[in-house]
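The sequence and model are shown first.

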Amino acid sequence: SDKIAIGNAGYGTEEVEYMAHANKYGTFEDPYLVENGIKNPQIADFTEDGKIVMEAPEKLEDHPSVSFKLDFGKIGEYFEFTEVELEGPKGSAAEEENGDKYRRYNGAERISTAFGIILLLVVFYCS
């Protein structure tokens, strides 16, 4: 359907600018793929040295950011929705009972994970 859209694909414009932490996204790590030399053709390398950043910096502002633009080829539309207000996160019983075993991700990890998911969705829907 032409009405299916990625939530942050932009509306009213074909080209959207995104910000992300400088990192290498989309590197295959699955043993089968690695052993057979299969590489991801949509890999996104936003680093200067081509190395994946595995550790979050002490301060988020110490990690470089990059901006990039995606051209979606047509102006996006939005779906009808009902706006709701949500309360902030409260933790879970498992977190309270197990302490660090179920720790929350820090800001850098959340942003990197979210960006990776967004990038995979963009590649899936735009390829």
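## A surface leucine

Leu120 counts as exposed because its relative accessibility is 56%, where exposed means over 50%, buried under 20% and partly exposed in between (1.4 Å probe, protein chains only). Leu120 lies in helix α3. Its C-alpha atom is separated by 8.8 Å from that of Gln42, a residue 78 positions away along the chain.

## Basis of the values

The model is predicted: local features need pLDDT of at least 70 and side-chain atom pairs count only at pLDDT 80 or more, whereas totals for chains, interfaces and linings use all residues. Residues are numbered from 1 along each chain as its sequence is written, and side-chain values use heavy atoms, with hydrogens and water left out.

## Overall fold

The chain contains three helices and four strands, arranged along the sequence as β-β-α-β-β-α-α. Helices (H or I, at least four residues) and strands (E, at least two) are DSSP runs, numbered from the N terminus.

Of the 127 residues, 17% count as buried. Contact means heavy atoms within 4.5 Å; among contacts between residues at least 6 apart in sequence, 70% join residues at least 24 apart.

## Nonpolar core

The largest nonpolar core has nine residues: Val16, Tyr18, Ala20, Tyr25, Ala44, Phe68, Phe72, Phe115 and Leu119. Such a core is a set of buried Ala, Val, Leu, Ile, Met, Phe, Trp, Tyr and Cys residues joined through side-chain atoms within 4.5 Å. Strand β1 (15-21) and helix α3 (107-126) each supply at least two residues of this core, and the largest share, three residues, comes from β1.

Beyond its neighbours within four places in sequence, Phe68 is in contact with Val16, Glu17, Tyr18, Ala20, Phe46 and Phe115.
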